Amino acid sequence: MKPLLLDRIIPTLMVFACGACDGARSVIAEEEARAVVEGPSASPGAQVNVQHECAGMEQILATRSTWHGSSKSGESHVGRWRGSLGGSAASGFPASDVLLILNSNDTGTFEFLSEAPPPRPDDPSQGYLCDGSVSGGICGTPSGFVGGFEYELQGVVARDRVLSFVLLDADPWALWCELQTPVQRADAAQPCGFSWDIVPLSMERWAATGCEQVDAAGNGEPIDCSLMYALERCKCAFDGCFASFYSGIEVGLSLSNDAQELSGSLWFKSNVDAALLRLRRQPP
């Protein structure tokens, strides 16, 4: 098992395979999520008012702050912490120097201290921050993280000396996702009868000739591989698109006896490797 790390695979509003949880638990979690953001279903044969019956962005995003658990940190962890990544896996992250800020109101940020923040997106048709091919893709860096971006801490919890929080891997794509246009499609699995995506096709396929979006009948439409990987970071409602907040990387750090150091590990988004993480408390 990974030290100080709980693997979390968070179900989205659609069904995804979950290797770390059984089918019954996935179904229950998914139905609870739908109940939160979608409300009661329309009666059979009723004329559906999409904007009334289906959840909009504001309603969905209202669940973001508690999706990974409510935040409740201890006073001993509050402060400004700066440190570095170590070990062979450190080269897969955007920078070895990192900054953690934890506020007294249980909010905070985590940043890889790169020379410059990511560029502001201006073209929804280009694969923002992703480099993809039929053999695979890298979004951000091999670790999945983006340098110079302030990740907002989610689900901050302190248990004795252990501090844990979640970093949402899709957050750097938020502004780019907002440039996308939702596409409506009939979806009997949703109580209001519709769901929205950025493209009307539902599956991805890699072939020697390139990447494709594939419909239920198996018909494929070519798509730039970098764009396809970037689009995976976005979700949509009827009134707009946003960065997915359903999955994240959980970080666990242990406080030293003198309360001046935090130490633990930081894992890749894919969980294939991790770097040692050590931070020192900074002066106020």
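Modeller: Buried means under 20% relative accessible area, with exposed over 50% and partly exposed in between (1.4 Å probe, protein chains only). Bear in mind that this is a predicted model, where local features need pLDDT of at least 70, side-chain atom pairs count only at pLDDT 80 or more, and totals for chains, interfaces and linings use all residues. Residues are numbered from 1 along each chain as its sequence is written, and side-chain values use heavy atoms, leaving out hydrogens and water.

Colleague: What makes Cys54 and Cys192 a disulfide?

Modeller: Their sulfur atoms are 1.8 Å apart, and a disulfide is a pair of cysteine sulfur atoms within 2.5 Å, so the pair qualifies. By this rule the count comes to 5 disulfides.

Colleague: Why is Cys130 called buried?

Modeller: Its relative accessibility is 10%, so Cys130 counts as buried. Cys139 is buried as well, with a relative accessible area of 6%.

Colleague: And why is the disulfide of Cys130 and Cys139 called right-handed?

Modeller: The torsion about its S-S bond is about 110°, so the disulfide is right-handed. The sulfur atoms of Cys130 and Cys139 lie 2.0 Å apart.

Colleague: How do you know that Cys211 and Cys225 form a disulfide?

Modeller: The sulfur-sulfur distance is 2.0 Å, so the pair meets the cut-off. With 100° about the S-S bond, the link of Cys211 and Cys225 is right-handed. Both Cys211 and Cys225 are buried.
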